[in-house]
Amino acid sequence: MKLGIVGAGNIVMELLSFVRDIPTISLQAICSKPDHQEKLLTLQSQYGISQIFCNYAEMLGSDEVDTVYIGLPNHLHYSYAKEALLRGKHVICEKPFTSNLGEFLELKEIALHSGLILVEAITNQYLKNYLSMKEFLPKLGELKIVECNYSQYSSRYDAFKAGEVLPAFNPELSGGALVDINIYNIHLAIGLFGSPEKVEYFANMERGIDTSGILMLDYGEFKCVCIGSKDSTAPSAVNIQGNKGYIRLTGSTNSIDCFDYVPNKEQPIRVDRKDHPHRMYDEFIAFDRMINEMDMEKVTDRLEHSERVMRVIELAKLSANLVFGPDRSKQ
């Protein structure tokens, strides 16, 4: 993979902290705003990035870049991904994929028609411990209750309360708890159990944005609750309960450091199969393989998963009368 990075924020810093551990990924370029040029020069020197750009179109014109990683605010994902695809580049787009389902479907159509790789960077779908959870699910018997809580008091919430609206709490920029933090719970649930029969979202609203909320997913035979909060905190955890035992994950659904499988009336069995400390490592190993092997079957599978997630988000927004991002919906 000949990678061009767009953005210079926290998520890009996380990527740069480990990506050199994957020798088949070549850091060809990084692009950000002109007033970030000094920072880009520092990153270029620190991480051995071949080129820096302050103009996105110029980076897309480079033959040395075959894949673009979009690590920008949520509302920019669609436009930057579309431009890259139309210029013949593979795209790795940070979560949430787009602001609405219509945008996603358009990107999917462009990518598949052009034979290009398009994937969502969503950590938990590739983690070895998540894949291990799938193996243990049948041991739980009939599923009854699933609870996912990812709560983290946002460093930007105090500013929001004081009247300063930053992207994380701006509905026009596709912010809010549902798509910023609860989305990890949604991906986990959809990845493990598929699409639910019913979706309902109960949001705590402040100045037009959901600062926290409870998403109810009804699977008929069992019920799933996904809690995401940026205005309060509590220990993040996942409980998957069946009539023969349960799985307990202590921690957030974006990392899954380990989990316990607990058969009824027996001692917990700790499961930890990760082999790299960074939560984003496994997904980039997978993306690199997909691109190097042009594995369109796997890409199609991943896009189908992302579409199921986007449809749940649309239903959640509808149930809570949530409106955010530009109105390009084509449902």
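Predicted model: local features only at pLDDT ≥ 70, side-chain atom pairs only at ≥ 80, totals over all residues.

**Labels and the values behind them**

Student: Why is His-278 called buried?

Tutor: Buried means under 20% relative accessible area. His-278 has 16%, so it counts as buried.

Student: And what makes the pairing of His-278 and Glu-14 a polar contact?

Tutor: The cut-off for the N or O atoms is 3.5 Å. The side chains of His-278 and Glu-14 are joined at 3.1 Å, within that limit.

Student: How do you know that Gly-228 is buried?

Tutor: The relative accessible area of Gly-228 is 0%, and the label needs a value under 20%, so Gly-228 is buried. Gly-228 is found in strand E10 (residues 223-229). Leaving aside neighbours within four places in sequence, Gly-228 is in contact with Tyr-150, Ala-177, Ile-181, Asn-182, Ser-212 and Gly-213.

Student: What makes strand E13 (residues 259-263) largely enclosed by the rest of the structure?

Tutor: Five of the five residues of E13 are buried, so the strand is largely enclosed. Phe-259, Tyr-261 and Pro-263 point one way, Asp-260 and Val-262 point the other way, and all are buried.

Student: How do you know that E13 pairs with strand E12 (residues 245-250)?

Tutor: Two strands pair if there are at least two bridges between them. E12 and E13 have four, in the antiparallel sense. In that pairing, Val-262 in E13 is the bridge partner of Tyr-246.

Student: What about E13 and E14, in which sense do they pair?

Tutor: Antiparallel, over three bridges. Asp-260 has Arg-270 in E14 as its bridge partner. E13 and E14 form a hairpin with five residues between them, and Lys-265 in the turn has a positive phi of about 60°.

Student: Where else is phi positive in a residue that is not a glycine?

Tutor: Ser-174 has a phi of about 60°. Another case is Arg-207, with phi near 50°. They stand out because most residues other than glycine have a negative phi.

Student: What puts the buried residues of helix H2 (residues 37-47) on the same side?

Tutor: The buried residues of H2 are Leu-40, Leu-43 and Tyr-47. They cover an arc of only 60° around the axis, which puts them on the same side of H2. They pack against helix H1 (10-18), strand E2 (26-31) and strand E3 (51-53). The face turned away from the buried side carries the exposed residues Glu-38 and Ser-45.

Student: What makes E5, H5 and E6 a unit?

Tutor: Strand E5 (residues 90-94) and E6 pair in the parallel sense over four bridges. With helix H5 (residues 101-114), they make a right-handed β-α-β unit. In the pairing, Val-91 stands opposite Leu-118 in E6. Both faces of E6 (residues 118-121) are covered: Leu-118 and Glu-120 are buried on one side, Val-119 and Ala-121 on the other.

Student: What is the peptide bond from Lys-95 to Pro-96?

Tutor: That bond is cis, with omega near -15°. Pro-96 is found in the loop between E5 and H5.

Student: Last one: which residues touch the most other members of the largest nonpolar core?

Tutor: Of its 103 residues, Tyr-69, Phe-193, Ile-240 and Phe-284 do. Helix H9 (residues 182-193) gives the largest share of this core, eight residues. Apart from this core lies another, of five residues, among them Phe-160, Ala-168, Phe-169 and Ile-209.

Technical notes
Residues numbered from 1 in each chain as written. Heavy atoms only, no water. Buried < 20%, exposed > 50% of the residue type's maximum accessible area, 1.4 Å probe, protein only. Polar contact = N/O pair within 3.5 Å; in protein donor to acceptor, adjacent residues only side chain to side chain. Helix = DSSP H or I, 4+ residues; strand = E, 2+ residues; numbered from the N terminus. Right-handed = clockwise from strand over helix to strand, strands pointing away. Arc of directions from axis to C-beta. Contact = heavy atoms within 4.5 Å. Core = buried A, V, L, I, M, F, W, Y, C linked by side-chain atoms within 4.5 Å.
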